[in-house]
Amino acid sequence: MKNFVSALKPVGKVVLDSLLPPSCLGCDAPVAADGQFCLPCFRRANFVSAPFCGSCGVPLPFAAFSGVAEICGVCEATPPAFAAARAALRYDAMAKGLILPFKYGDRTDLCRGLARLMARAGAQLLERAEVIAPVPLHVRRLRQRRYNQAALLAAELSRIAGKPVMQDALARVRETMPLGRLAAAARRAALAGTISVRRDVAGLAVLLVDDVMTSGATADACAAALRAAGARRVDVLVAARVPDPRLT
Ligand SMILES: [Zn+2]
Ligand SMILES: [Zn+2]
């Protein structure tokens with residue numbers, strides 16, 4: 001019975017949300033439409049804007065940007081398995097205030113607004129995607145949290161862009177310890193064999209979706225698995241990006 005009630009809860013929330021007047025994504029101020037920021041919150045929001053790495057999307061600190069597609073030092077040294085990654089926000093205190101409640105606090109109502117910001121930041125990637133797939137959670141985590149926040153974002157992006165979503169394209173077959181400060185090669189080794197592809201993705205351009213990108217190692221492992229299964233191209237779209245500590 002408990003499971004039945006908790007399964008119903010998100011549905012009840014969605015219905016309630018549609019009855020309430022739209023409020024700001026970051027506070028309770030009224031706004032014109034769902035998923036918008038009020039003016040003060042908009043000013044506080046740290047959107048990822050150029051210059052950023054043309055490959056992994058990390059904001060680049062260089063003041064003088066030539067306008068040519070620049071690649072960060074990390075991508076230059078170890079090209080990722082994905083073609084391009086984009087993020088809507090920098091993962092600062094404000095972004096955390098949106099993403100942590102969404103991820104751990106049952107605030108699934110924040111999904112729509114986050115997905116809209118992502119659709120704007122990743123318009124090009126959504127345009128060229130043939131299918132959308134979320135970064136998977138290990139089944140044990142999924143039982144704890146009851147939902148995969150990446151899957152909710154993928155479903156919403158699918159609705160916005162009118163592209164199909166493959167919720168079960170990937171599975172996490174082994175749990176990983178937090179990767180913390182491991183170096184790139186060690187992260188790659190720790191993640192090897194943790195992701196399996198469960199659907200036929202041969203020849204497809206896949207857009208991988210997640211909430212936060214930290215080092216990019218998880219996205220890279222998912223992209224590598226998809227490419228090995230024959231995906232033509234893999235792009236990555238996330239709500240927020242942690243600027244790579246090695247770049248600053
Ligand atoms: Zn606000
Ligand atoms: Zn890069």
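Visitor: Why does Phe42 count as partly exposed?

Guide: Phe42 has a relative accessibility of 42%, and the word buried is kept for values under 20%, exposed for values over 50%, and partly exposed for those in between (1.4 Å probe, protein chains only), so Phe42 counts as partly exposed. This is a predicted model, in which local features need pLDDT of at least 70 and side-chain atom pairs count only at pLDDT 80 or more, while totals for chains, interfaces and linings use all residues. Residues are numbered from 1 along each chain as its sequence is written, chains are lettered from A and ligands numbered from 1 in the order in which they are written, and side-chain values use heavy atoms, with hydrogens and water left out.

Visitor: How many aromatic pairs does the structure hold, and what makes the pair of Phe37 and Phe47 edge-to-face?

Guide: There are two aromatic pairs, where rings of Phe, Tyr and Trp (its six-membered ring) pair if their centres lie within 6.5 Å, and planes under 30 degrees apart count as stacked, over 60 as edge-to-face and the rest as tilted. Phe37 and Phe47 lie 6.2 Å apart centre to centre with 70 degrees between the planes, so their pair is edge-to-face. Phe37 belongs to the loop between α1 and α2 and Phe47 to the loop between α2 and α3 (73-77), so the pair ties together parts that are 10 residues apart in sequence; helices (H or I, at least four residues) and strands (E, at least two) are DSSP runs, numbered from the N terminus.

Visitor: How do you know that the pair of Phe42 and Phe47 is tilted?

Guide: Their ring centres are 5.3 Å apart and the angle between the planes is 45 degrees, so this pair is tilted. Phe37, Phe42 and Phe47 form one aromatic cluster, in which Phe37, at 12% relative accessibility, counts as buried, whereas Phe47, at 25%, counts as partly exposed.

Visitor: Which residues are the protein donors of the zinc ion (ligand 1), and what makes their arrangement tetrahedral?

Guide: The donors are the SG atoms of Cys24, Cys27, Cys38 and Cys41, which lie 2.3 Å from the ion, and the term covers N, O and S atoms within 2.8 Å of the metal (3.2 Å for Na, K and Ca). Four donors count as tetrahedral if all angles lie between 85 and 135 degrees, and here the angles are 105 to 114 degrees, so the arrangement is tetrahedral. Cys27 lies in the loop between α1 (2-19) and α2 (39-44) and Cys41 in helix α2, so the pair ties together parts that are 14 residues apart in sequence.

Visitor: Are Cys27 and Cys41 buried or exposed?

Guide: Cys27 has 30% relative accessibility and so counts as partly exposed, whereas Cys41, at 4%, counts as buried.

Visitor: How do you know that the site of the zinc ion (ligand 2) is tetrahedral?

Guide: Its protein donors are the SG atoms of Cys53, Cys56, Cys72 and Cys75, lying 2.3 to 2.4 Å from the ion, and the angles among the four donor atoms are 103 to 113 degrees, so the site is tetrahedral. Cys56 sits in the loop between α2 and α3 and Cys75 in helix α3, so the pair ties together parts that are 19 residues apart in sequence.

Visitor: Why is Leu179 called buried?

Guide: Leu179 has a relative accessible area of 17%, so Leu179 is buried.

Definitions and conventions
Four donors count as tetrahedral if all angles lie between 85 and 135 degrees; four count as square planar and six as octahedral if opposite donors are over 155 degrees apart and all others between 65 and 115; anything else is irregular.
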